[in-house]
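Hi,

Here is the structure I promised to pass on. Have a look at it first, and then read my notes below.

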Amino acid sequence: MERGQGRGRGDSVPTARGEHIHSEPPMPQPRAVVQRASVRGQILDALRTALVTGELTPGVVYSAPALGERFGVSATPVREAMQQLAQEGAVEVVPNRGFRVVERGARELAELAEVRALIEVPVMLRLARTVSAERWAELRPLAEATVRAAATGCRATYTEADRTFHRAVLSLCGNEQLVQIADDLHRRAAHSRTDLLADAAEHSALLDALIAGDVDVVRVLVGEHFAG
């Protein structure tokens, strides 16, 4: 019989090496991958907190093995988390040594605030004209959460509550790319606020103006918020 002739439906069909056969069941991902991703995420959160609180000192070089020992994990998830922080601009790679925590000067923080204002202020003003008072009122718990976080005096706790509030406001525009960019800028500027209670109070005042639909007051408040 010639090749390709007389094959029944039950006959096997040769495939190239590595080619997927439709009758094969999908291979589940190894559990270790999920666990590793979870550990990396936990270490990333812990490192971000350490950066915001100043536990990791700007200008100092930290090695992945040393940090791994500190957190009770191997160097691999620490290295992966640090690579993510390097992409976000929080640390920089020092070849054969580890990662240096970036020290942001006053000028850089001012530039970050300016860029955030260029992105967020026009969006907030547009949303102030289009979003209903009822929808704004739903964000009240998030604004109140920033006040409670500020009262604790913990910069890491406040930074997360502040980021959640701003992200919720911007999410109303429906542009996920804009939200992601603003979120990244927020992380980079996490050290810029000195008076947490005053910053949190501005959230409540801003939300009051948004609920009232007073665009002029919103314009003044968001300008002061980023200028601060």
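Predicted model: local features only at pLDDT ≥ 70, side-chain atom pairs only at ≥ 80, totals over all residues.

Residues are numbered from 1 along each chain as its sequence is written, and side-chain values use heavy atoms, leaving out hydrogens and water.

First, the overall picture. The chain has 10 helices and three strands, taken as DSSP runs (helices H or I, at least four residues; strands E, at least two) and numbered from the N terminus. Of its 228 residues, 35% are buried.

Now helix 8. Its buried residues are Leu178, Val179, Ala182, Asp183, Leu185 and His186. They sit on the same side of helix 8, because they cover an arc of only 165° around the axis (the arc is that of the directions from the helix axis to the C-beta atoms). That goes well with a general point: an α-helix has 3.6 residues a turn, so residues three or four places apart point the same way. The cover over those buried residues includes helix 4 and helix 7. At the start of helix 8, a side-chain oxygen of asparagine 175 comes within 3.1 Å of the backbone nitrogen of glutamine 177.

Next, the cores. A nonpolar core is a set of buried Ala, Val, Leu, Ile, Met, Phe, Trp, Tyr and Cys residues joined through side-chain atoms within 4.5 Å. The largest one has 27 residues, and Trp136, Leu206, Leu210 and Val218 touch the most other members. Two or more residues each come from helix 4 (106-130), helix 7 (155-171), helix 8 (176-188), helix 9 (196-212) and helix 10 (215-227). Helix 4 gives the most, with six residues. Valine 218 touches Leu125, Ala128, Leu206, Ala209 and Leu210, leaving aside residues up to four places away in sequence; a contact means heavy atoms within 4.5 Å. There is also a second, separate core of 18 residues, which includes Leu47, Ala50, Ala90 and Phe99.

Histidine 166 is buried, with a relative accessible area of 3%. Again leaving aside residues up to four places away in sequence, histidine 166 touches Arg116, Glu120, Met124, His203, His225 and Phe226.

Cheers

Definitions and conventions. Buried < 20%, exposed > 50% of the residue type's maximum accessible area, 1.4 Å probe, protein only. Polar contact = N/O pair within 3.5 Å; in protein donor to acceptor, adjacent residues only side chain to side chain.
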